[in-house]
Amino acid sequence: MGMIFRAKANKALDRAEDPRETLDYSYQKQLELLQKVRRGVADVATSRKRLELQLAQLNKQSTTLEDQGRKALALGREDLAREALSRRAALQQQVTDLETQHATLQGEEEKLTLAAQRLQAKVDAFRTKKETIKATYTAAQAQTRIGEAFSGISEEMGDVGLAIQRAEDKTAQLQARAGAIDELLASGALDDPSGMHKDDIQAELDRLSGGTDVELELQRMKQELAGGPAAGQQAIEGGGTSQSQQQDRQQPQDTPRFDKQ
(Lines give C-alpha, C1' and ligand atoms only; values in the text may rest on other atoms or scores of the structure.)
Protein backbone atom coordinates (compact mmCIF):
# COMPACT_ATOMS: atom_id res chain seq x y z
CA MET A 1 0.00 0.00 0.00
CA GLY A 2 2.81 2.39 0.85
CA MET A 3 4.61 1.64 -2.42
CA ILE A 4 1.41 2.20 -4.41
CA PHE A 5 0.76 5.48 -2.62
CA ARG A 6 4.31 6.71 -3.21
CA ALA A 7 4.11 5.71 -6.89
CA LYS A 8 0.81 7.56 -7.30
CA ALA A 9 2.17 10.61 -5.48
CA ASN A 10 5.35 10.58 -7.56
CA LYS A 11 3.33 10.42 -10.78
CA ALA A 12 1.08 13.27 -9.65
CA LEU A 13 4.07 15.40 -8.68
CA ASP A 14 5.80 14.66 -11.97
CA ARG A 15 2.68 15.74 -13.85
CA ALA A 16 2.36 18.93 -11.80
CA GLU A 17 6.06 19.82 -11.89
CA ASP A 18 7.17 22.59 -14.21
CA PRO A 19 10.97 22.62 -14.81
CA ARG A 20 10.88 26.37 -15.34
CA GLU A 21 9.37 26.94 -11.92
CA THR A 22 11.93 24.59 -10.36
CA LEU A 23 14.80 26.49 -12.00
CA ASP A 24 13.41 29.82 -10.85
CA TYR A 25 13.07 28.46 -7.30
CA SER A 26 16.67 27.22 -7.30
CA TYR A 27 17.88 30.57 -8.61
CA GLN A 28 15.95 32.35 -5.87
CA LYS A 29 17.57 30.13 -3.23
CA GLN A 30 21.03 30.88 -4.61
CA LEU A 31 20.29 34.61 -4.49
CA GLU A 32 19.23 34.25 -0.85
CA LEU A 33 22.47 32.39 -0.06
CA LEU A 34 24.49 35.06 -1.85
CA GLN A 35 22.69 37.71 0.18
CA LYS A 36 23.59 35.90 3.41
CA VAL A 37 27.25 35.72 2.39
CA ARG A 38 27.27 39.41 1.57
CA ARG A 39 25.64 40.17 4.91
CA GLY A 40 28.36 38.09 6.63
CA VAL A 41 31.06 40.04 4.80
CA ALA A 42 29.45 43.28 5.92
CA ASP A 43 29.29 42.07 9.54
CA VAL A 44 32.97 41.04 9.55
CA ALA A 45 33.94 44.34 7.96
CA THR A 46 31.96 46.18 10.63
CA SER A 47 33.75 44.26 13.41
CA ARG A 48 37.10 44.97 11.79
CA LYS A 49 36.29 48.64 11.60
CA ARG A 50 35.35 48.75 15.27
CA LEU A 51 38.68 47.11 16.18
CA GLU A 52 40.50 49.68 14.12
CA LEU A 53 38.72 52.45 16.01
CA GLN A 54 39.62 50.84 19.36
CA LEU A 55 43.23 50.43 18.25
CA ALA A 56 43.41 54.06 17.26
CA GLN A 57 41.99 55.10 20.61
CA LEU A 58 44.39 52.84 22.56
CA ASN A 59 47.37 54.09 20.55
CA LYS A 60 46.33 57.65 21.31
CA GLN A 61 46.09 56.87 25.03
CA SER A 62 49.45 55.15 24.93
CA THR A 63 51.06 58.20 23.32
CA THR A 64 49.44 60.44 25.92
CA LEU A 65 50.76 58.31 28.84
CA GLU A 66 54.21 58.32 27.33
CA ASP A 67 54.21 62.13 27.12
CA GLN A 68 52.89 62.38 30.66
CA GLY A 69 55.65 60.05 31.97
CA ARG A 70 58.31 62.07 30.17
CA LYS A 71 57.03 65.34 31.68
CA ALA A 72 56.81 63.81 35.17
CA LEU A 73 60.39 62.57 34.91
CA ALA A 74 61.52 66.01 33.76
CA LEU A 75 59.86 67.50 36.84
CA GLY A 76 61.62 65.01 39.14
CA ARG A 77 58.52 62.96 39.77
CA GLU A 78 59.94 59.54 39.05
CA ASP A 79 57.04 57.80 40.77
CA LEU A 80 54.49 59.46 38.44
CA ALA A 81 56.66 58.65 35.48
CA ARG A 82 56.80 54.98 36.53
CA GLU A 83 52.99 54.84 36.95
CA ALA A 84 52.44 56.39 33.54
CA LEU A 85 54.77 53.89 31.93
CA SER A 86 53.05 51.01 33.74
CA ARG A 87 49.67 52.09 32.38
CA ARG A 88 51.17 52.50 28.96
CA ALA A 89 52.50 48.91 29.11
CA ALA A 90 49.02 47.59 29.97
CA LEU A 91 47.58 49.50 27.04
CA GLN A 92 50.21 48.09 24.77
CA GLN A 93 49.15 44.56 25.76
CA GLN A 94 45.58 45.44 24.79
CA VAL A 95 46.79 46.92 21.54
CA THR A 96 48.68 43.70 20.77
CA ASP A 97 45.57 41.58 21.45
CA LEU A 98 43.40 43.85 19.32
CA GLU A 99 45.89 43.78 16.49
CA THR A 100 45.78 39.97 16.55
CA GLN A 101 41.99 40.03 16.42
CA HIS A 102 42.11 42.61 13.67
CA ALA A 103 44.39 40.43 11.58
CA THR A 104 42.07 37.44 12.11
CA LEU A 105 38.98 39.44 11.14
CA GLN A 106 40.75 40.84 8.11
CA GLY A 107 41.61 37.32 6.96
CA GLU A 108 38.00 36.19 7.46
CA GLU A 109 36.78 39.21 5.57
CA GLU A 110 39.04 38.42 2.65
CA LYS A 111 37.86 34.80 2.60
CA LEU A 112 34.19 35.80 2.71
CA THR A 113 34.73 38.40 0.01
CA LEU A 114 36.36 35.81 -2.24
CA ALA A 115 33.56 33.34 -1.50
CA ALA A 116 30.97 35.99 -2.30
CA GLN A 117 32.67 36.72 -5.62
CA ARG A 118 32.81 33.04 -6.52
CA LEU A 119 29.19 32.57 -5.51
CA GLN A 120 28.21 35.62 -7.55
CA ALA A 121 29.92 34.14 -10.60
CA LYS A 122 28.18 30.82 -10.00
CA VAL A 123 24.80 32.51 -9.64
CA ASP A 124 25.35 34.47 -12.84
CA ALA A 125 26.32 31.31 -14.72
CA PHE A 126 23.30 29.47 -13.30
CA ARG A 127 21.02 32.32 -14.34
CA THR A 128 22.31 32.16 -17.93
CA LYS A 129 21.93 28.39 -18.02
CA LYS A 130 18.50 28.65 -16.41
CA GLU A 131 17.22 31.05 -19.05
CA THR A 132 18.65 28.84 -21.80
CA ILE A 133 16.96 25.74 -20.39
CA LYS A 134 13.67 27.61 -19.94
CA ALA A 135 13.75 28.87 -23.52
CA THR A 136 14.54 25.38 -24.83
CA TYR A 137 11.78 23.84 -22.72
CA THR A 138 9.25 26.44 -23.85
CA ALA A 139 10.16 25.88 -27.51
CA ALA A 140 9.90 22.10 -27.10
CA GLN A 141 6.56 22.46 -25.32
CA ALA A 142 5.21 24.70 -28.08
CA GLN A 143 6.46 22.30 -30.75
CA THR A 144 4.81 19.40 -28.95
CA ARG A 145 1.50 21.24 -28.70
CA ILE A 146 1.62 22.17 -32.38
CA GLY A 147 2.33 18.56 -33.30
CA GLU A 148 -0.51 17.34 -31.10
CA ALA A 149 -2.84 19.92 -32.63
CA PHE A 150 -1.94 18.84 -36.17
CA SER A 151 -2.28 15.17 -35.30
CA GLY A 152 -5.50 15.73 -33.37
CA ILE A 153 -4.31 13.93 -30.21
CA SER A 154 -4.32 16.98 -27.92
CA GLU A 155 -7.10 17.39 -25.37
CA GLU A 156 -8.36 20.63 -26.93
CA MET A 157 -8.45 19.24 -30.46
CA GLY A 158 -9.98 16.02 -29.15
CA ASP A 159 -12.82 18.01 -27.61
CA VAL A 160 -13.27 19.91 -30.88
CA GLY A 161 -13.35 16.64 -32.83
CA LEU A 162 -15.96 15.19 -30.50
CA ALA A 163 -18.07 18.33 -30.81
CA ILE A 164 -17.92 18.17 -34.61
CA GLN A 165 -18.78 14.48 -34.59
CA ARG A 166 -21.76 15.07 -32.31
CA ALA A 167 -22.97 17.96 -34.47
CA GLU A 168 -22.73 15.82 -37.61
CA ASP A 169 -24.58 12.96 -35.91
CA LYS A 170 -27.38 15.27 -34.74
CA THR A 171 -27.62 16.86 -38.20
CA ALA A 172 -27.89 13.46 -39.86
CA GLN A 173 -30.50 12.38 -37.31
CA LEU A 174 -32.58 15.50 -37.93
CA GLN A 175 -32.33 15.09 -41.70
CA ALA A 176 -33.45 11.46 -41.43
CA ARG A 177 -36.34 12.45 -39.17
CA ALA A 178 -37.44 15.23 -41.55
CA GLY A 179 -37.34 12.83 -44.51
CA ALA A 180 -39.33 10.22 -42.63
CA ILE A 181 -41.99 12.78 -41.66
CA ASP A 182 -42.27 13.95 -45.29
CA GLU A 183 -42.73 10.37 -46.46
CA LEU A 184 -45.38 9.68 -43.81
CA LEU A 185 -47.25 12.86 -44.71
CA ALA A 186 -47.09 12.02 -48.42
CA SER A 187 -48.40 8.52 -47.85
CA GLY A 188 -51.23 9.74 -45.63
CA ALA A 189 -50.02 7.90 -42.57
CA LEU A 190 -49.81 11.24 -40.75
CA ASP A 191 -52.33 14.10 -40.90
CA ASP A 192 -51.19 17.67 -41.48
CA PRO A 193 -53.27 19.86 -39.09
CA SER A 194 -52.39 22.99 -41.06
CA GLY A 195 -53.85 21.58 -44.27
CA MET A 196 -50.87 22.82 -46.25
CA HIS A 197 -49.48 19.42 -47.10
CA LYS A 198 -51.19 17.33 -49.86
CA ASP A 199 -50.73 13.71 -50.68
CA ASP A 200 -49.95 12.40 -54.18
CA ILE A 201 -53.60 11.72 -55.16
CA GLN A 202 -54.77 15.19 -54.18
CA ALA A 203 -51.83 16.75 -55.99
CA GLU A 204 -52.73 14.79 -59.17
CA LEU A 205 -56.37 15.86 -58.95
CA ASP A 206 -55.39 19.49 -58.53
CA ARG A 207 -53.07 19.21 -61.52
CA LEU A 208 -55.84 17.75 -63.72
CA SER A 209 -58.28 20.44 -62.61
CA GLY A 210 -55.78 23.13 -63.41
CA GLY A 211 -55.16 21.55 -66.82
CA THR A 212 -58.92 21.60 -67.64
CA ASP A 213 -59.15 25.31 -66.88
CA VAL A 214 -56.25 25.92 -69.20
CA GLU A 215 -57.91 23.92 -71.98
CA LEU A 216 -61.13 25.90 -71.57
CA GLU A 217 -59.29 29.18 -71.78
CA LEU A 218 -57.43 28.00 -74.86
CA GLN A 219 -60.70 26.94 -76.56
CA ARG A 220 -62.26 30.33 -75.82
CA MET A 221 -59.37 32.11 -77.45
CA LYS A 222 -59.68 29.90 -80.55
CA GLN A 223 -63.39 30.78 -80.82
CA GLU A 224 -62.58 34.48 -80.65
CA LEU A 225 -60.02 34.17 -83.41
CA ALA A 226 -62.31 32.06 -85.65
CA GLY A 227 -65.61 33.93 -85.25
CA GLY A 228 -64.52 37.57 -84.79
CA PRO A 229 -65.85 39.98 -82.19
CA ALA A 230 -69.37 38.51 -82.12
CA ALA A 231 -68.13 35.06 -81.44
CA GLY A 232 -65.77 36.48 -78.85
CA GLN A 233 -68.68 38.24 -77.15
CA GLN A 234 -70.70 35.04 -77.28
CA ALA A 235 -67.82 33.08 -75.92
CA ILE A 236 -67.45 35.58 -73.10
CA GLU A 237 -71.18 35.42 -72.31
CA GLY A 238 -71.13 31.63 -72.36
CA GLY A 239 -67.97 31.38 -70.39
CA GLY A 240 -69.66 29.04 -67.97
CA THR A 241 -70.55 26.55 -70.68
CA SER A 242 -68.88 23.25 -70.30
CA GLN A 243 -66.29 21.95 -72.75
CA SER A 244 -68.68 19.27 -74.12
CA GLN A 245 -71.33 21.83 -75.06
CA GLN A 246 -68.75 23.97 -76.89
CA GLN A 247 -67.61 20.93 -78.84
CA ASP A 248 -71.28 20.14 -79.81
CA ARG A 249 -71.72 23.70 -81.08
CA GLN A 250 -68.55 23.50 -83.13
CA GLN A 251 -69.48 20.18 -84.71
CA PRO A 252 -71.84 21.55 -87.46
CA GLN A 253 -69.26 24.17 -88.46
CA ASP A 254 -66.39 21.75 -88.73
CA THR A 255 -68.42 19.07 -90.66
CA PRO A 256 -67.75 19.32 -94.46
CA ARG A 257 -70.77 19.72 -96.88
CA PHE A 258 -71.25 17.48 -99.97
CA ASP A 259 -73.31 18.62 -102.95
CA LYS A 260 -75.91 16.25 -104.42
CA GLN A 261 -75.23 15.12 -107.90
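Mentor: We'll go from the overall fold to a few single residues, and keep in mind that this is a predicted model.

Trainee: Let's talk about H2. How far apart are its end C-alpha atoms?
Mentor: They are 82 Å apart. H2 has 56 residues, and at 1.5 Å a residue they should span 82 Å, so the two values agree.

Trainee: What comes after H2?
Mentor: Gly76 follows H2, and its phi is positive, near 85 degrees.

Trainee: New topic: which residues make up the largest nonpolar core?
Mentor: Seven residues do: Leu51, Leu55, Leu58, Leu65, Leu91, Val95 and Leu98. H2 and H3 each supply at least two residues of this core, and the largest share, four residues, comes from H2.

Trainee: Why would those side chains gather like that?
Mentor: As a general rule, nonpolar side chains in soluble globular proteins tend to be buried together.

Trainee: Can we zoom in? What does Leu98 touch?
Mentor: Leaving out residues up to four places away in sequence, Leu98 touches Leu51, Gln54, Leu55 and Leu58. There's also another core lying apart from the largest one. That other core has six residues, among them Leu34, Ala116, Leu119 and Val123.

Trainee: Now Ser62. Is Ser62 buried or exposed?
Mentor: Ser62 has a relative accessible area of 3%, so it counts as buried. You'll find Ser62 in helix H2. Not counting residues up to four places away in sequence, Ser62 touches Arg88, Leu91 and Gln92.

Trainee: Switching to rings: how many aromatic pairs are there?
Mentor: The count comes to one aromatic pair. Tyr27 and Phe126 form it, and they are stacked, with 6.5 Å centre to centre and 15 degrees between the planes.

Trainee: Where do those two sit in the chain?
Mentor: Tyr27 is in helix H2 (residues 19–74) and Phe126 is in helix H3 (residues 78–151). They are 99 residues apart, so the pair links distant parts of the chain.

Trainee: Why does Tyr27 count as buried?
Mentor: Because its relative accessibility is 14%, and the cut-off for buried is under 20%.

Trainee: What sits over the ring of Tyr27?
Mentor: The charged end of Lys130 does, 5.1 Å from the ring's centre.

Trainee: A lysine! Is Lys130 buried or exposed?
Mentor: Lys130 is buried, with a relative accessible area of 4%. Lys130 has its place in helix H3.

Trainee: Which residues is Lys130 in contact with?
Mentor: Setting aside neighbours within four places in sequence, Lys130 contacts Leu23, Asp24 and Tyr27. The C-alpha atoms of Lys130 and Pro19 are separated by 9.8 Å, though these residues are 111 apart along the chain.

Trainee: Last one. What share of contacts joins residues at least 24 apart?
Mentor: Among contacts in the protein between residues at least 6 apart in sequence, the share is 69%.

Key. Residues numbered from 1 in each chain as written. Predicted model: local features only at pLDDT ≥ 70, side-chain atom pairs only at ≥ 80, totals over all residues. Heavy atoms only, no water. Phe/Tyr/Trp six-rings, centres within 6.5 Å; stacked < 30°, edge-to-face > 60°. Buried < 20%, exposed > 50% of the residue type's maximum accessible area, 1.4 Å probe, protein only. Lys NZ or Arg CZ within 6 Å of the ring centre and 35° of its normal. Contact = heavy atoms within 4.5 Å. Core = buried A, V, L, I, M, F, W, Y, C linked by side-chain atoms within 4.5 Å. Expected span 1.5 Å × (residues − 1).
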